[in-house]
Amino acid sequence: MALHAAGCEAQLMALSGHPAMLTGAVSRRFPYRPLNPIASLASAIAQSKPDTVVPVDELAVMHLIELLRSATSSTGSEELAALAARSLGGMDVLSASMSRITLLQLAKAEGVAVPETIPVDSPAELETAAAHLGFPLVMKADSTAGGRGVRIANDLAEARGWWSRLHRPLSLPRSVWRWVRLKEWTHFRPWIKRHMRGVTVQGYLRGAERTAMAVANHGELQAFVCFEVAQASKLCGPSTVLRVVDDPAMVAAMRTVLRRMGATGFCGFDFMLNETGEPLLIEMNSRPTQLAHLPLGPGRDLVAAYVSSLLGYETPDRSAAADGMLIALYPQELARDPQSSLIAGAYHDVPWESPALVRYALQPLPEAITNDPRWKGSGQVVSGE
């Protein structure tokens with residue numbers, strides 16, 4: 001929606017019925033076939049002939065990696081490689097961002113503070129790592145986001161159980177359940193291909209969680225915003241309320257990693273504060289993250305920076321949408337607690353300009369939405385919900 005408002009034509013590869021189609025910001029949808037996603041992506045790119053491509057989740061990043069690898073010797077491979085380079089920085093950036101250990105080793109070599117992290121490819125390696133790091137142990141699977149691939153083990157037996165689940169794709173019964181209940185097709189293909197995920201372990205850090213979002217162009221930082229997590233959906237889960245912070249150490253870490261990787265486009269970073277308050281880099285994502293659309297003042301408008309720097313259309317920073325520093329995500333915070341007391345003191349990031357999307361995202365709509373004058377002014381009827 002923000003790119004569309006900035007004058008871009010946005011096209012989408014997605015399943016039929018995707019909620020982005022409710023916004024009026026998408027000019028064309030290309031079909032996504034979960035059991036043949038690489039052909040779907042190749043077809044969408046060939047038909048769209050885009051200036052840039054923006055993956056919006058880890059699955060899309062993985063599809064891009066697989067497409068680039070499969071196209072190295074095919075017709076059109078040079079054009080595809082050029083598209084990836086001007087959109088994201090190229091194959092190396094994508095691969096590093098999808099492997100936690102590769103990213104952290106790269107960052108550490110550049111002097112960026114990171115937690116001690118050990119890759120574990122077998123139960124024996126897990127036992128050795130646990131003996132060295134101690135418990136609680138934080139276990140993370142590659143190619144996951146939003147806390148879905150993170151588990152905390154309090155003893156060796158629990159760690160072994162989590163490792164067995166994290167490094168394998170979902171079982172066939174669980175894949176079927178998610179298809180029937182959640183309409184998620186995407187787990188079948190990893191199960192068919194027996195795709196195993198890398199798993200890393202770290203010691204448990206008790207400091208505050210911080211996150212950042214940025215836009216880069218050929219490794220140079222163009223715009224950024226740093227946040228502290230004020231509320232999460234659960235322990236190690238996705239953020240629901242964020243507080244804007246100034247953290248020069250986080251900015252320096254992002255600048256160093258982006259320059260070393262030659263990254264381009266939207267990206268996100270996650271940090272944890274150690275016992276001295278130093279931010280430790282724990283993850284990077286080569287995609288837009290939660291609030292990438294939201295203008296927060298000069299130097300903090302990622303969409304304006306993207307359009308100006310990557311697309312070449314001079315676009316001034318928009319006025320800050322939020323007066324304060326606290327931002328509640330919609331629908332995440334109301335889904336966590338429909339009576340959340342944090343909403344009143346925060347900027348609530350509701351897409352009021354798209355009532356259909358507001359309604360789609362959360363049912364039934366809580367009073368925090370239906371009592372708001374902006375909802376009433378949209379002419380929406382909520383009786384009978």
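This report describes the fold, the packing and a few individual residues of the structure shown above.

The model is a predicted one, in which local features need pLDDT of at least 70 and side-chain atom pairs count only at pLDDT 80 or more, while totals for chains, interfaces and linings use all residues. Residues are numbered from 1 along each chain as its sequence is written, and side-chain values use heavy atoms, with hydrogens and water left out.

**Overall fold**

The protein chain contains 16 helices and 13 strands, where helices (H or I, at least four residues) and strands (E, at least two) are DSSP runs numbered from the N terminus. Of its 385 residues, 46% count as buried, a word that here means under 20% relative accessible area, with exposed meaning over 50% and partly exposed in between (1.4 Å probe, protein chains only). When contacts (heavy atoms within 4.5 Å) are taken between residues at least 6 apart in sequence, 59% of them join residues at least 24 apart.

**Nonpolar cores**

A nonpolar core is a set of buried Ala, Val, Leu, Ile, Met, Phe, Trp, Tyr and Cys residues joined through side-chain atoms within 4.5 Å. The largest such core has 27 residues, and those touching the most other members are M254, V257, L258, M261, F269, L281 and M284. At least two residues of this core come from each of α5 (91–98), α6 (100–109), β7 (209–217), β8 (220–232), α11 (248–261), β10 and β11 (279–285), and the largest share, seven residues, is supplied by α11. Leaving aside neighbours within four places in sequence, L281 is in contact with several residues, including L104, V112, P115, V257 and F269. Apart from this core lies another, of 21 residues, among them M213, L242, V244 and Y306.

**Aromatic rings**

Which aromatic pair does a search of the whole structure find? The search finds one pair, formed by F266 and Y306, and it is stacked because the ring centres lie 4.5 Å apart with the planes at 10 degrees. Rings of Phe, Tyr and Trp (its six-membered ring) pair if their centres lie within 6.5 Å, and planes under 30 degrees apart count as stacked, over 60 as edge-to-face and the rest as tilted. The pair links distant parts of the chain, since F266 belongs to strand β10 (residues 265–273) and Y306 to helix α12, 40 residues apart. Both F266 and Y306 are buried.

**Individual residues**

| Residue | Relative accessible area | Class |
|---|---|---|
| C8 | 16% | buried |
| C267 | 2% | buried |
| T315 | 19% | buried |
| Q290 | 33% | partly exposed |

The structure holds zero disulfides, a disulfide being a pair of cysteine sulfur atoms within 2.5 Å.

T315 is found in the loop between α12 (302–309) and β12 (326–329), and its side chain reaches the backbone oxygen of Y313 at 2.8 Å. Not counting residues up to four places away in sequence, T315 touches A304, V307 and S308.

Q290 has its place in the loop between β11 and α12. Although Q290 and M213 are 77 residues apart in sequence, they are 8.5 Å apart in space, C-alpha to C-alpha. Beyond residues up to four places away in sequence, Q290 touches S239, L242 and L329.

Conventions
Polar contact = N/O pair within 3.5 Å; in protein donor to acceptor, adjacent residues only side chain to side chain.
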